[in-house]
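Let's take a walk through a protein fold together. Have the picture open while you read, and look for each piece as it comes up.

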Amino acid sequence: MSAPAFATPRLLRRAVVLTMPAAAILALMVMVQGLHVLVAGGLWLCAVAVVALMIRRTLRDAARLSLWARNLAAGGEAPAPDLTPESAAEEIASSVAQLRRAWQDRQGELAALARWNDNLFELLPDALVLLDEERRVVRVNAQALALFGRDLSGRDLAAVLRTPQVLDAADKVLAGGPAEGGSFDLVVPLEQSFRFRIDPLGRSPASPAVAVMTLTDLTTIKRMERMRADFVANASHELRTPLATLLGFIDTLRGPAKDDAEAHERFLAIMHEQGSRMARLIDDLLSLSRIEADEHTVPATVVDLARIVQGGADALAPLAQAKNARILVNLAQESCPVRGQADQLAQVVQNLLDNAVKYGRPGGTVTVTLGPADRVPDQAPAALRTGPAVVLAVEDQGEGIGREHLPRLTERFYRVDGARSRALGGTGLGLAIVKHIVNRHRGHLAIESVEGRGSTFSVTLPLAVS
């Protein structure tokens, strides 16, 4: 960094000021000892010149040091100026440079800590909303942004959540009270449940935020609790009916029909049917439990899906013939390798074909198609979107399913027509089993149906690449 040359008039003024005591002594000598005025003036001028030469470097160093300090204060990055070696100015410059390096290190640490705090704020799994003294939103994290769908900075909390319980809690905390919390439900646009907590933060010169609201999404937990309760209720109901039938017939056979051979044959046939129904239900429950336990583990073996599909169609052919129907298999290629467990994939094929034959029209055709997937659904797992995939489609010619039922078809025990399903021997767990097996294989299940024309169940799986 270069500094302007020290101005001569300013230098002379400083030298004159510093030589004023000498000038006073010379003036006294002129008056007392008769020193000639010109001689005294000459001596004083010599003193001014000598002093000016002596302070010239000091003043130059001071000017350069001052200019450098002002540059640093303005945020500049100029290097230290050239100063007189071993001078006081050089020592001051060295101290300032050392202080500046320490300040820069500390500033870097604070900036890194601020970035770390920002990242932590954004990555926390709960939605966070910072509030100022006026209950306005100062900032939200990524989870809150995803929850509300837009940035709410500068808006009153009442414009974000119109829940009296939340607003009252916020007012109490902002008025100086302790932390408040509770829970609430949202109905629009989707039914959701949340637990909230509002904590005071205290004042900070770095941010106008004085409180933070934490929102924890309880929707999935509550839904799982309802599903568990529904599962217990449905399983109990499904078992109670055949059990009641069995007990009733047993009492009848032990009592009024004790010696009635014809009633024995008829009742035993019904008891066998009801016992078989309970056995199928228990087998499906056990199967579903095993599949769910392994759902997080991706199968390691490679199997031929084309062979499994053909085997499933051959096994279900007698069931189709009993309804005067047929199963038509279209394989795009003789071999279709996928990474999976053969028994579970066979169960997927069997369940889909069994449903298609049961609920299809008598004399109709169930079409099974296996081939490369031209298009992968957007909501499919990453394994399907990043590599080649194969799709298995089972199409029936049944009565079709209403659109309102499609999202719930894979729920346990959900039936579109409960009476018809039970009459056909269904347990209400077949599609739930299919869904969990497909999930374990990192695939995707899609259901399409048109009332009066039939339904198509499509399973997309990643193709094994050698």
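## The first sheet

Start with strand β1 (residues 127-131), which pairs with β2 in the antiparallel sense over three bridges. What does it take for two strands to pair? DSSP has to find at least two bridges between them. Strands here are DSSP runs of E with at least two residues, helices are runs of H or I with at least four, and both are numbered from the N terminus. Look at Leu131: its bridge partner in β2 is Val137.

Before going on, a word on the model: it is predicted, so local features need pLDDT of at least 70 and side-chain atom pairs count only at pLDDT 80 or more, while totals for chains, interfaces and linings use all residues. Residues are numbered from 1 along each chain as its sequence is written, and side-chain values use heavy atoms, with hydrogens and water left out.

Now zoom out. β1 and β2 belong to an open sheet of five strands in the order β2-β1-β5-β4-β3, with antiparallel pairing. At the edges sit β2 (137-140) and β3 (180-186), each of which pairs on one side only. From one strand to the next, the twist averages 25 degrees. Angles like this run from 0 to 180 degrees between N-to-C directions, and axes are lines fitted to C-alpha atoms, for helices over the stretch in contact.

## Helices across the first sheet

Helix α4 (residues 88-123) lies across β1 and β2, and runs at about 85 degrees to β2. Helix α7 (residues 164-174) lies across β1, β3, β4 (192-200) and β5 (211-217), and its angle to β4 is about 10 degrees. Contact, by the way, means heavy atoms within 4.5 Å.

Ala446 stands opposite Ser458 in β12. The hairpin of β11 and β12 has three residues between the strands, and in it Gly452 takes a positive phi near 90 degrees.

## Helices that cross

How far apart are the axes of α10 and α11? Helix α10 (residues 305-322) and helix α11 (residues 342-359) have their axes 9 Å apart and pack at an angle of about 40 degrees.

Follow α11 to its other neighbour. The axes of α11 and α14 come within 9 Å and cross at roughly 145 degrees, and this crossing is left-handed. Among the residues that meet are Val348 and Leu352 in α11, and Ile433 and Ile437 in α14.

Helix α9 (residues 261-293) has 33 residues and reaches 47 Å from its first C-alpha to its last, close to the 48 Å expected at 1.5 Å a residue. That expected span is 1.5 Å times one less than the number of residues. Its buried residues include Phe267, Met271, Leu281 and Ile291. Buried means under 20% relative accessible area, exposed over 50%, and partly exposed in between (1.4 Å probe, protein chains only).

Which loop holds Arg135? Arg135 is found between β1 and β2, and its phi is near 70 degrees, a positive value in a residue other than glycine. Arg135 counts as buried because its relative accessibility is 16%. Arg442, in the loop between α14 and β11, is not a glycine either, yet has a positive phi of about 55 degrees. At 26% relative accessibility, Arg442 counts as partly exposed.

Definitions and conventions
Left-handed = near helix turned anticlockwise from the far one by under 90°.
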